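Good morning, colleagues. I would ask you to look at the model on the screen while I go through its salt bridges, its helices and its sheet.

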Amino acid sequence: MFNTLEFARQKFPSLNAKEVAQIIAKSKLRKLKPGELFIKEGEVSSGPAYIAKGVMRSYVKVDGEEKTVVFRKDSEFIGALPSMFNDEPAVETVVAVENCIILTLDWKGFRQLAAKNSIIGRAYSRVIEGMMLESVDRIHEFTTLSAEQRYVKFIQE
């Protein structure tokens, strides 16, 4: 089973035990079955998820057809960034492709902790930086690779 405490210690090694406990208090471990939604288009996302086990897919609907934006797998984050940053409805849907164990993070709560504690603030910044770099990589892939090439790359990784 996924160890939330061990994950937080590894992900945020600069934090002391109290700070780690504060972040864990803002998170929740969930199990999703294939087809189960994490984020639904049109709803406001409360924050990202760290995928402890499994594969998830983010998609948008264009003219009634689902268009995959990204697949994410074990040890990666997934979320609807504009929704969680701006408290606006998500434009995408995020769904489990297979049985998943995810650690969800209450983004507002994490932001509040970051505002009060500079060490947690640096951890918050690292999470944001990682998600932004993944977004840049995804934009690069969309502009340079076909859908088939992106899928093959995902499978190979």
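E66 counts as partly exposed, because its relative accessibility is 39%; by the convention used here, buried means under 20% relative accessible area, exposed over 50%, and partly exposed in between, with a 1.4 Å probe and protein chains only. The side chain of E66 meets that of R57 in a salt bridge, 2.5 Å from N to O, and R57 is buried at 16%. A salt bridge here is a side-chain nitrogen of Lys or Arg within 4 Å of a carboxyl oxygen of Asp or Glu.

Please note that this is a predicted model, in which local features need pLDDT of at least 70 and side-chain atom pairs count only at pLDDT 80 or more, while totals for chains, interfaces and linings use all residues. Residues are numbered from 1 along each chain as its sequence is written, and side-chain values use heavy atoms, with hydrogens and water left out.

How many salt bridges does a search of the whole structure find? The search finds six. In one of them, R72 and E134 meet at 3.7 Å, N to O. R72 lies in strand 5 (residues 65-72) and E134 in helix 5, so this pair ties together parts that are 62 residues apart in sequence. Helices (H or I, at least four residues) and strands (E, at least two) are DSSP runs, numbered from the N terminus. R72 is buried, at 11%, whereas E134 is partly exposed, at 23%.

A further salt bridge joins E141 and K153, with the closest N and O atoms 2.4 Å apart. This pair links helix 5 to helix 6. K153 is partly exposed, at 30%, while E141 is among the buried residues of helix 5.

Let me turn to helix 5 itself. The expected span of a helix is 1.5 Å times one less than its number of residues; for the 27 residues of helix 5 this gives 39 Å, and the end C-alpha atoms are 39 Å apart, which agrees.

Next, the nonpolar cores, meaning sets of buried Ala, Val, Leu, Ile, Met, Phe, Trp, Tyr and Cys residues joined through side-chain atoms within 4.5 Å. The largest has 24 residues, and F12, F110 and M131 are among those touching the most other members. Helix 5 gives the most to this core, with six residues. Another core, of 13 residues, lies apart from it and includes L32 and I78.

Finally, the sheet: four strands form an open sheet in the order 1-8-3-6, with antiparallel pairing, where pairing requires at least two DSSP bridges between two strands. Strands 3 and 8 pair over four bridges, and A49 has T104 as its bridge partner.
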